[in-house]
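Hello,

Please find the structure below, as promised. My notes on its aromatic contacts follow.

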Amino acid sequence: MARLVIVSNRVPIPKARGASAGGLAVALRDLLTPGTMWFGWSGRLSAEPSLQPAIVEARGVTYATVDITAEAHRGFYVGFANGALWPLLHFRLGLMHFRREDYDGYLEVNRTFARSLASILQQDDTVWAHDYHLIPFARLLREQGFNGRLGFFLHVPFVPPSMLEAMPVARDLVADLCAYDLVGFQTEEHARDFRDCAQRMLGAAVEGEWIRLNGRRLRAFADPIGIDAAGFAQEAERAAGEKLVQRVAGSLSGRALAIGVDRMDYSKGLPHRFEAFGRLLEKHPEHKRQIHFLQICPRSREEVDEYRKLRIELDRLAGRINGRHSDFDWTPLRYSTRAAPRATLAGLYRIGRIGVVTPLRDGMNLVAKEFIAAQSDEDPGVLVLSQFAGAAQDLTEALIVNPFDPDAIADAMHMALAMPPSERKERHLILKEKVMRTTAETYCRRFIEALEAPSIARAAA
């Protein structure tokens with residue numbers, strides 16, 4: 001019987017001790033029905049790569065994982081995926097470090113994945129691969145003899161040809177993406193940039209969303225990811241009564257709360273955001289002692305130099321802002337590198353007067369949607385959102401800012417604090433309707449329907 005096989009870098013096995021649900025697991029939850037398989041790296045490093053996957057069954061879903069070597073992990077994950085591809089796809093060419101041996105390691109891990117999955121794959125399976133770690137996966141799986149439907153979704157941004165050409169293996173990457181039958185992106189801008197790259201670098205013919213290359217066709221389209229908005233809203237309402245959330249609310253002493261939640265990553269614009277909060281207190285002194293800013297940014301990828309440097313910079317900025325503006329009973333900026341449970345975050349969003357989501361570049365950014373879903377309809381907060389987050393394409397009633405401009409962010413925060421309740425409600429109701437419409441379920445359904453469409457079968461034939 002035909003199965004859906006999900007492939008990703010990491011596999012969130014429910015029974016694995018300490019396993020995190022992660023954004024992808026939450027987004028794909030509606031697809032995790034009996035008969036589905038999820039394949040990828042176990043998270044373990046071994047002396048030799050394990051070609052035969054380890055199998056775990058949980059609630060009818062098969063989780064298949066392989067180990068990789070420490071050397072392969074360095075080249076594949078630290079070196080090429082996060083040292084070269086991640087900065088490139090987030091428009092940060094100055095941080096891109098390309099080494100040919102890292103790219104070779106990237107290909108080798110993808111080849112290991114392809115060989116391992118091929119050993120348990122059925123020809124009528126439908127395979128859906130996720131994110132920049134797996135760009136060459138379709139080509140390498142085809143080399144193992146698989147002829148079924150192959151889809152790919154890029155969760156991060158894509159770049160125009162003029163920027164992608166800075167990557168020495170750009171043509172190879174575009175050609176590898178063209179080996180899929182269906183390629184999904186967060187926004188139409190990202191999909192268009194990819195189609196432009198295929199046309200300019202490979203000489204492909206482009207007709208609307210379709211790309212024709214080497215006698216076959218593939219579709220590249222936009223399919224914005226969402227959340228379980230109704231479920232998150234209910235969770236936020238419940239979590240507002242949790243002890244930790246109540247302690248935070250009590251510590252505000254009636255002051256407004258501005259909140260930001262991001263992984264510690266240079267693409268999130270955290271230094272600019274800290275600078276903006278300092279500017280708010282300087283330009284609008286009436287807000288002194290009237291607001292707390294809480295930034296939650298769990299540490300990540302600390303093996304990459306840029307991430308260690310970012311934490312040092314944030315420590316410095318937080319110390320400077322608090323040193324300049326704090327009082328004996330008021331610390332304006334609260335900054336934590338500890339991860340918080342999803343339910344706790346939902347409760348914190350709900351008591352937030354301002355949600356500050358200002359990445360320098362982001363594929364979508366689901367924190368923006370979570371903040372909106374968590375708000376009370378009677379007294380909603382205001383979302384300050386970067387124009388370079390994919391979410392800004394739809395959430396136009398937020399206060400849209402250029403994240404490179406701390407003064408613009410500060411002015412938007414001031415506007416949010418001064419906004420009358422009637423305007424806050426009006427903006428929120430429109431935003432909430434949008435978030436409730438473009439959910440995780442609709443994202444999954446749209447992609448799978450597109451991948452299983454007869455036109456894809458003809459294109460792959």
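Aromatic contacts

Phe39, Phe76, Phe80, Phe98, Tyr103, Tyr106 and Phe113 make up one aromatic cluster. Rings of Phe, Tyr and Trp (its six-membered ring) pair if their centres lie within 6.5 Å; planes under 30 degrees apart are called stacked, over 60 edge-to-face, and the rest tilted.

This is a predicted model, in which local features need pLDDT of at least 70 and side-chain atom pairs count only at pLDDT 80 or more, while totals for chains, interfaces and linings use all residues. Residues are numbered from 1 along each chain as its sequence is written, and side-chain values use heavy atoms, with hydrogens and water left out.

Searching the whole structure gives 24 aromatic pairs. One of them is Phe80 with Tyr103, a tilted pair at 5.1 Å centre to centre and 55 degrees between the planes. Phe80 lies in helix 2 (residues 70–89) and Tyr103 in helix 3 (residues 100–118), 23 residues apart. Helices (H or I, at least four residues) and strands (E, at least two) are DSSP runs, numbered from the N terminus. Phe80 and Tyr103 are buried (under 20% relative accessible area, with exposed over 50% and partly exposed in between; 1.4 Å probe, protein chains only).

Phe153 and Tyr443 pair edge-to-face, with 5.0 Å centre to centre and 75 degrees between the planes. This pair links strand 6 (residues 149–153), which holds Phe153, to helix 16 (residues 440–451), which holds Tyr443, 290 residues apart. Both residues, Phe153 and Tyr443, are buried.

Two arginines have the charged end over a ring: Arg219 over Phe221, 4.5 Å from the ring centre, and Arg361 over Phe91, 3.7 Å from the ring centre. The criterion is NZ of Lys or CZ of Arg within 6 Å of the ring centre and within 35 degrees of the ring normal.

Regards
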